[in-house]
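User: I am new to this structure and would like to learn how its features are read. Could you take me through them step by step?

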Amino acid sequence: MTQESAVRVRFAPSPTGFFHIGSARTALFNWLYARHTGGTFVLRIEDTDSARNTPEALAALLEGMRWMGLDWDEGPEAGGDVGPYFQSQRTAIYAEYLQKLIDNGRAYEQDGAIFFKLLGERYTEFDKYKNAELEKVRTEPVTVHDAIRGDVTRAVETDFVLRRSNGDYGFHFVNVVDDIAMNITHVIRGEDHLSNTARHVEIYRALGAEPPVFAHIPLILKVDGKGKMSKRDEGSLIEEYVKRHFIPEAVRNFLCLLGWNPKDGQEIMPIAEIIERFDFDGVQKEGARFDEKKLSHINTEYLRALPVETFCWMAGPILAEAGVIDESTGEDYLHAVLAISQEKARDFEGLSELVRYFFTEDFTIDSGARERVFKKGEPMARLAELVPALEQLDSWLDSDIDHAILGLAEKKGQRKFDYFPIARLAVSGQAGGPDLLALLRVLGKERVIARMRGFAEAAT
RNA sequence: GUCCCCAUCGUCUAGUCAGGUCUAGGACACUGGAUUUUCAUUCCAGCGACCGGGGUUCGAAUCCCCGUGGGGACGCCA
């Protein structure tokens, strides 16, 4: 695995300003394969469309890659021997390869554009889809050897544009030229390119180059409805998960599982293990539907597994951003709150609401929680008994509080847990949250007594 | 419309390539129960699928064909 290999894969996005989940997974699979084989992962920017390619768009892309933990060996900021890694800077190379095809007799000019010339008998046919008379070519069908799907045979029957009349080069051409010039050995890309591949192979052959190994991975489909997930769909942008404070390793782990699996049911795995086990044999052929419930589950697992120090370090900025804490918040107190909250949290997105009452006296009493607590027993009576009992305490450890409540219960002929729900409600306004004893301890005696008194007064 | 790819629980999937061990396994979600001071965790149980039809075979989720369904490609977009 760590052995050097000749494998060279590439991820060739066109910067649009967003990092689409499908692109992210294509990048991920390429990266996994490179790391698995000890090969080289190349990042090539397909920025031929100058109109929509901005520095911001590129930055967004690179940021997304970094967030996902996908490091590239060659490309922007990394350099490499076969650059430049921006298509916009490679026109001289394209011109050179195009000249080869012209010299070959495999390219010709028409209406100011340069077309690729297919080999075979020509005839004219009315094409229903394009609703026009078209010149078609009876070509020898091309068989593509796909590492995931096996042999796929498809014929290309119309000449296509290599260079547009405005001087820009077409996608199919530059894509192949770059892959040849960059010595790409494995092309791992979305299944939407499968039909284009025959065209690409034609170009390889015309250029006298050996086609790489192709591996077409399944597409990510909409959660509901038809078709593949597009940038307009909810949840389709990596940026969204960044904003919602998902754990990048969790998102990456989830994406690995969309279309690939290790066959033994293992799902949550350190990336090193996934790298070791990743191969084309485990890649699915069918499109996969994006299931955010599962993503959330994996994210929660990662969250709970975080070392408490890491959890605190990650939570701080999020709580600050939500206005739950500020510079005046004590380090130790914050740490204590987070330490008892981590196991109850599902995600960073909901953490702020989960812990808000720790940091303000201006919290509300949840009506649903209130209803539940008041459903049975005499909570107000219990609360009235509780306040003086707690007030007497000199020491405020979990065990001290526990003993006090237990003693009180025995004296009053109640059960210990007759006091718990109302205590929690009075100090937090909630019916759920961290372990009650820990919660009271962290809140501190003063605050607990004050809140309980306040609650009792408000109720009368 | 033409061509290409695909087809197991609601979803992600194992099993398909090398037919029997599959009364089809796991995970998410959902439901119920146990534990529990709340919430959650954990544990147990339940729900739930081989798209249809033909064939081949002693035997098919697995192989073949047709149908249907889903996805994709058919730009002087990438």
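This is a predicted model: local features need pLDDT of at least 70, side-chain atom pairs count only at pLDDT 80 or more; totals for chains, interfaces and linings use all residues.

User: Let us begin with packing. At what angle do helix H7 and helix H9 pack?

Analyst: One looks at the angle between the two axes and at the distance separating them. Helix H7 (residues 248-257) packs against helix H9 (residues 292-305) at about 135°, and their axes are 9 Å apart. That angle makes H7 oblique to H9. The crossing of the two helices, H7 and H9, is right-handed.

User: Which residues of H7 and H9 meet?

Analyst: From H7 come Glu249, Ala250, Val251, Asn253, Phe254 and Leu257, and they meet Lys294, Leu295, Ile298, Asn299 and Tyr302 of H9. Sorted by class, this contact of H7 with H9 holds seven nonpolar, two polar and two charged residues.

User: How are H3 and H4 oriented to each other, and why is that word used?

Analyst: The crossing angle decides the word. The axes of H3 and helix H4 (residues 171-181) cross at roughly 100° and come within 10 Å. Angles of 65 to 115 degrees count as roughly perpendicular, and H3 and H4 are therefore roughly perpendicular to each other. On the H3 side, Ile93, Tyr94, Tyr97, Leu98 and Leu101 take part, meeting Phe173, Val174, Val177, Asp178, Ile180 and Ala181 in H4. By class, the contact of H3 with H4 divides into 10 nonpolar residues, no polar ones and one charged.

User: Next, helix length. What span should helix H5 have, and how far apart are its end C-alpha atoms?

Analyst: One sets the distance between the end C-alpha atoms beside the span expected from the number of residues. Helix H5 (residues 194-206) has 13 residues, which should span 18 Å at 1.5 Å a residue; its end C-alpha atoms are 19 Å apart, which agrees. Helix H14 (residues 379-391) also has 13 residues. From its first C-alpha to its last, H14 reaches 18 Å, close to the 18 Å expected.

User: How many residues of H5 are buried?

Analyst: H5 is mostly covered, with 10 of its 13 residues buried. These are Leu194, Asn196, Thr197, Ala198, His200, Val201, Glu202, Ile203, Tyr204 and Ala206. H5 is followed by Gly208, which has a positive phi near 70°.

User: Which residues of H14 are buried, and against which helices do they pack?

Analyst: The buried residues in H14 are Pro379, Arg382, Leu383, Glu385, Leu386, Val387, Ala389 and Leu390. They pack against helix H13 (367-373), helix H15 (398-412), helix H16 (420-428) and helix H18 (445-459).

User: Are Asn131 and Lys263 buried or exposed?

Analyst: Relative accessibility over 50% counts as exposed. Asn131 counts as exposed at 56%, and Lys263 counts as exposed at 59%.

User: Where is Ala132 placed, and which residues does Ala132 touch?

Analyst: Ala132 is in strand E6 and is partly exposed, with a relative accessible area of 27%. Residues up to four places away in sequence are not counted; Ala132 then touches Glu125, Phe126 and Asp127.

Glu133 is likewise found in strand E6 and is exposed, its relative accessible area being 53%. With neighbours within four places left aside, Glu133 is in contact with Thr124, Glu125 and Phe126. Glu133 and Asn196 are 63 residues apart in sequence, and their C-alpha atoms are 22 Å apart in space.

User: Finally, is Thr300 buried or exposed?

Analyst: Thr300, in helix H9, is buried, with a relative accessible area of 4%. Beyond its neighbours within four places in sequence, Thr300 is in contact with Ala345 and Arg346.

Conventions
Residues are numbered from 1 along each chain as its sequence is written. Chains are lettered from A and ligands numbered from 1 in the order in which they are written. Side-chain values use heavy atoms; hydrogens and water are left out. Axes are lines fitted to C-alpha atoms, for helices over the stretch in contact, and angles run from 0 to 180 degrees between N-to-C directions. Helices (H or I, at least four residues) and strands (E, at least two) are DSSP runs, numbered from the N terminus. Angles under 35 degrees count as roughly parallel, over 145 as roughly antiparallel, 65 to 115 as roughly perpendicular and the rest as oblique. A crossing is left-handed if the near helix is turned anticlockwise from the far one by less than a right angle, and right-handed if clockwise. Contact means heavy atoms within 4.5 Å. Ala, Val, Leu, Ile, Met, Phe, Trp, Tyr, Cys and Pro count as nonpolar, Asp, Glu, Lys and Arg as charged, and the others, Gly among them, as polar. Buried means under 20% relative accessible area, exposed over 50%, partly exposed in between (1.4 Å probe, protein chains only). The expected span of a helix is 1.5 Å times one less than its number of residues.
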